[in-house]
Amino acid sequence: MKKLFTPLLVFLVVFSAFGQRKPDKKEVQPTAKKMLTHGVYDFWKSIGYSALSNDGKWAVYTVNPQEGDGKVVFYNLKTNQIDSVARASQVEISQDNQFAVFKIAPPLKVVKELRRQKKKKEELPKDTLGIYSLQNKQLARIANLKSFKIPEKAGVWLAYQIEQIEKKEDKKKEVSKDSTKKEEVKKEAEKPKKAKKKESEDNGYRLVLRRLENAKEVNFDFVKEYRFDKFGKSLVFSTTGNDSTLLAGVYVYDLASEKLKPLFRVKKGNFKNLAFDENGSQLAFVADLDTTKATIRYFKLYHWKNGQDSALAVADTSLITKGLLVSEHYTPMFAKDGSKLYFGMARKPIVQDTTLLAEEIVNVDVWHWQDDYIQPQQSRQLDQEKKRSYLSVFQIDTKKITQLANREIPSVSLANEGNGNLALATSDVPYRRLTNWDISGFYDLYLLDLQAGSRKLIQAKLKGNAAISPQGNYVYWFSLPDTAWFAYSVRSGQTVKLNQQIKTSFADEEDDHPDYPSPYGAVGWTENDQSFLVYDRYDIWAFDPENRKAPLNLTQSGRKEKIIYRNITLDREERFFKADQVLLLAAFDETTKQSGYYSLSLKDNSKQKLLMDNYRFSTLVSKAKDSNTILFTKQSFKDFPDLYTTDLSFKAIRKISDANPQQKNYAWGTVELIEWLSLDGVPLKGLLYKPENFDASKKYPMLVYYYERDSDLLYQYRAPAPSASTINITYCVSNGYVVFVPDIVYKVGYPGESAYNAIMPGVTSLIEKGFINRERIGIQGQSWGGYQTIYLITRTNLFRAAEAGAPVSNMTSAYGGIRWGTGLSRMFQYEKSQTRIGGTLWEKPLQYIENSPLFFAEKIETPLMMMHNDEDGAVPWYQGIEFFMALRRLNKPVWMVTYNKEDHNLVQRQNRKDLSIRMYQYFDYYLKDAPMPEWMKKGIPMIEKGANKGYELMGED
């Protein structure tokens with residue numbers, strides 16, 4: 001007779017195994033902290049959106065549980081008063097600091113309950129618009145919200161769309177008025193719901209324009225698209241004209257005079273992609289006026305400017321390149337100075353013969369050895385290709401149209417916000433076939449003349465990425481083979497190597513892939529393209545793009561002190577740095593893992609430390625537009641990344657959020673940085689997590705988790721959460737495990753052995769310290785970590801249990817496969833990328849075999865649990881199946897969980913919770929001697945799938 005163990009009993013067993021000494025009766029004992037359970041996940045919160053009002057008076061942020069209803073918080077930084085609104089998201093603060101506008105979702109429990117009652121989608125509660133006055137804390141709610149917008153640079157107006165709900169009473173009255181319509185009404189009711197929804201979307205929704213200060217509103221029905229100009233002077237919208245008030249067309253509403261002006265009106269038409277110029281005096285859109293059901297739609301580009309009575313067609317099939325159409329998928333864009341209008345041209349769609357029956361259509365993929373892209377990649381890119389647009393320009397003064405991009409040169413980057421007469425064009429077309437195995441690719445660079453449409457080749461077969469400087473004076477790039485920065489002068493036509501005079505490396509010094517290392521990146525340009533700023537491993541350098549001056553190390557001491565400096569962008573509209581600007585830098589100490597902030601003056605290159613501490617500080621910092629108030633986060637393993645505010649001196653720092661006050665009730669843990677030597681003699685670092693109240697005289701079970709290098713994450717907070725694929729370290733240490741996260745370095749051709757040489761001495765060094773139970777050590781990894789897991793257990797029997805997520809088990813079969821998520825061939829991954837073999841299968845067959853755990857499955861004695869999902873787009877599912885079948889054939893203990901219709905990492909929350917429960921039941925059984933769950937002991941037959949989870953803990957028969 002089998003014995004069933006309750007979760008309470010398991011809790012008592014685990015607790016007693018790792019309990020503390022008995023307290024003295026005279027001692028006053030604090031309330032014991034609880035261990036984390038799977039039940040805590042849902043209410044553990046995160047801070048998503050956060051922002052400051054322009055005047056720096058208000059901080060606004062959202063706090064959301066992992067599952068459930070969240071809220072938006074309004075924090076007055078002057079008075080410290082706090083207010084909140086439940087279930088709010090998509091928050092926008094008005095430019096005048098007076099209002100916050102947001103979406104309010106219906107209560108999650110209500111929606112779930114209605115869904116359980118099998119209510120139809122249209123019967124479920126809709127979103128609500130929230131309008132919150134920051135001054136008087138009053139909240140206005142407007143039901144049935146579809147969307148909303150406020151002007152980017154003005155604070156007076158709000159526009160929103162609501163769903164027009166048809167009342168049943170009105171429908172009954174309408175039917176009773178005319179009995180002859182009964183049959184029509186019946187047919188309408190019988191239409192599929194999807195068709196009705198599409199019809200509603202095609203007809204548009206009610207648009208409401210609201211003046212925020214007095215709630216005065218104006219309504220427009222059947223609106224498809226709408227937008228404000230940047231400075232809130234006008235509102236433009238398109239309507240289908242399905243009522244007697246307005247014809248179909250495009251209308252602009254002058255917000256000062258409160259008058260509506262039609263820009264284009266017809267009985268029927270499709271109007272889309274509305275776009276204002278910078279100051280709101282010009283407008284563009286595309287329109288299809290064909291009222292037939294023709295398969296190919298011929299859109300026209302329309303342009304309007306102040307003073308014109310109506311918009312005029314400026315581009316159609318008769319005015320643009322022969323054989324092309326005006327693209328309906330590209331939103332027109334004006335140059336910043338309003339002199340040019342950029343739009344897209346597109347190829348005519350390929351239309352299938354509509355007279356064919358389904359059984360007469362041949363569906364076949366023809367693979368050709370000279371195709372640019374293989375068929376699976378073409379399939380993944382099909383929608384993008386159907387919507388591909390080739391950038392073109394309409395010169396507003398001369399009315400001249402010039403096609404800039406084409407099939408041979410598909411990419412164009414504009415200079416000086418579109419004002420310039422030159423642009424950078426790039427083409428990878430001649431080299432696309434190579435990207436099947438050399439994913440970084442090659443590019444030809446061209447300088448385009450926007451007036452003449454002519455182009456000049458300035459660099460052929462570049463391996464690297466190029467861009468054009470803000471003012472358009474230089475084209476610059478990093479050449480991967482040269483590990484060097486280059487600049488091409490538009491004026492002189494000369495190309496110079498910028499770091500020729502110095503020995504400092506500007507490419508990743510720690511990269512251990514069999515490929516060219518990537519650059520550390522560009523910082524930006526100074527005013528008028530005077531200097532180009534770039535990163536090395538530690539410092540920021542200034543280059544003269546003409547090489548007239550020697551390169552200058554602006555931060556000077558980064559390499560010497562091993563502190564990494566990186567610029568923080570405080571103004572999202574900033575295009576270049578001013579000569580006297582003071583930059584805010586993020587700083588990271590490579591040795592101690594401390595981080596913080598420095599300031600750097602570009603005027604005299606003086607650097608000042610503002611803050612350095614044992615925390616991980618955010619590199620995304622918000623600054624109020626009209627004050628020096630900033631908003632940032634800091635975190636550690638114990639400290640959630642709450643919000644803090646200060647000014648640019650960082651002298652008075654204030655915490656303004658407390659997202660997870662419940663954490664103090666739970667046993668947490670500590671983390672420390674440890675060091676050891678690999679079996680190759682390489683110094684390595686890793687993270688060691690210990691349970692709270694760790695006692696070095698005890699023996700703890702240990703879990704080892706790894707990927708590549710994680711030691712820089714010493715001060716990263718790890719929230720309790722259900723697993724997408726890996727262990728949750730916080731949950732583990734709270735429940736009595738020690739967790740070890742080692743760094744791994746690699747030798748080309750020997751990825752498996754490299755992992756072994758890095759991980760094993762790290763593990764044994766911890767065993768030697770005396771607090772690890774060497775008989776109770778488990779390992780876990782996902783994807784690349786999953787591969788390393790199954791490789792390790794072919795080399796050692798040290799580990800009591802292993803769990804591998806989505807592992808590659810057979811490199812010989814995986815090499816020629818497809819990454820179905822992207823459609824890419826897997827070859828590049830083995831030759832030059834993460835797997836690091838460094839050659840083809842036929843060049844290095846032994847390395848492929850030696851690094852494939854499948855060929856050494858008979859050596860395995862460690863129990864293995866795997867997760868591999870049937871829609872994994874990164875590592876083919878059959879890799880897990882191959883390994884499972886090998887171990888099954890060898891009669892070795894192995895389990896594989898496959899979540900249906902899930903990808904490489906789990907997305908569905910119910911599946912994440914399920915994996916978490918199973919993974920910890922698995923490790924607890926082997927490492928804590930907990931009872932075995934039913935699913936491990938007996939499996940779950942397909943006939944019980946979905947009904948029996950098999951979580952029940954079982955004793956011996």
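This is a predicted model: local features need pLDDT of at least 70, side-chain atom pairs count only at pLDDT 80 or more; totals for chains, interfaces and linings use all residues.

Me: What makes glutamate 67 and lysine 112 a salt bridge?

Reply: Their closest N and O atoms are 3.0 Å apart, and the cut-off is 4 Å, so the pair qualifies. Glutamate 67 sits in the loop between strand 3 (58-65) and strand 4 (71-76), while lysine 112 is in helix 2 (residues 108-116), so the bridge ties together parts 45 residues apart in sequence. Helices (H or I, at least four residues) and strands (E, at least two) are DSSP runs, numbered from the N terminus.

Me: Why is glutamate 67 called partly exposed?

Reply: Buried means under 20% relative accessible area, exposed means over 50%, and partly exposed is in between (1.4 Å probe, protein chains only). Glutamate 67 has 26%, so it counts as partly exposed. Lysine 112 has 29%, so it is partly exposed too.

Me: How many salt bridges does the structure hold?

Reply: There are 43. In one of them, the side chains of lysine 33 and glutamate 692 meet at 3.1 Å, N to O. That pair links distant parts of the chain, 659 residues apart: lysine 33 is in the loop between helix 1 (7-17) and strand 2 (45-52), and glutamate 692 is in the loop between strand 48 and strand 49 (700-705). Lysine 33 is partly exposed at 41%, and glutamate 692 is partly exposed at 26%.

Me: How do you know whether arginine 776 is buried or exposed?

Reply: Its relative accessibility is 15%, so arginine 776 counts as buried. Its side chain meets that of aspartate 929 in a salt bridge (3.1 Å, N to O). Aspartate 929 is in the loop between helix 16 (909-928) and strand 57 (932-933), and arginine 776 is in strand 51 (residues 772-782), 153 residues apart.

Me: On to helix 15. What makes its buried residues line one face?

Reply: The buried ones are Gln879, Gly880, Phe883, Ala886 and Leu887. Seen down the axis of helix 15, they fall within an arc of 130 degrees, so they line one face of the helix. The arc is that of the directions from the helix axis to the C-beta atoms. On the other side, Arg888 and Arg889 are exposed.

Me: How close is the reach of helix 15 to what's expected?

Reply: Helix 15 has 13 residues and reaches 18 Å from its first C-alpha to its last, close to the 18 Å expected at 1.5 Å a residue. The expected span is 1.5 Å times one less than the number of residues.

Me: Why is tyrosine 878 called partly exposed?

Reply: Tyrosine 878 is found in helix 15 (residues 877-889), and its relative accessibility is 34%, so it counts as partly exposed.

Me: What does leucine 766 contact, leaving aside its neighbours within four places in sequence?

Reply: Contact means heavy atoms within 4.5 Å, and by that rule leucine 766 touches Ile674, Leu688, Met702, Phe740 and Ile772.

Me: Why is leucine 766 called buried?

Reply: It's at 0% relative accessibility, so it counts as buried. Leucine 766 is in helix 10, which is mostly covered: 14 of its 17 residues are buried.

Me: And what about serine 678: buried or exposed?

Reply: Serine 678 has a relative accessible area of 7%, so it is buried. Its place is the loop between strand 47 (670-677) and strand 48 (683-690).

Me: Last one: why is proline 430 called exposed?

Reply: Its relative accessible area is 55%, so proline 430 is exposed. You'll find it in the loop between strand 27 (422-427) and strand 28 (443-449).

Terms used. Residues are numbered from 1 along each chain as its sequence is written. Side-chain values use heavy atoms; hydrogens and water are left out.
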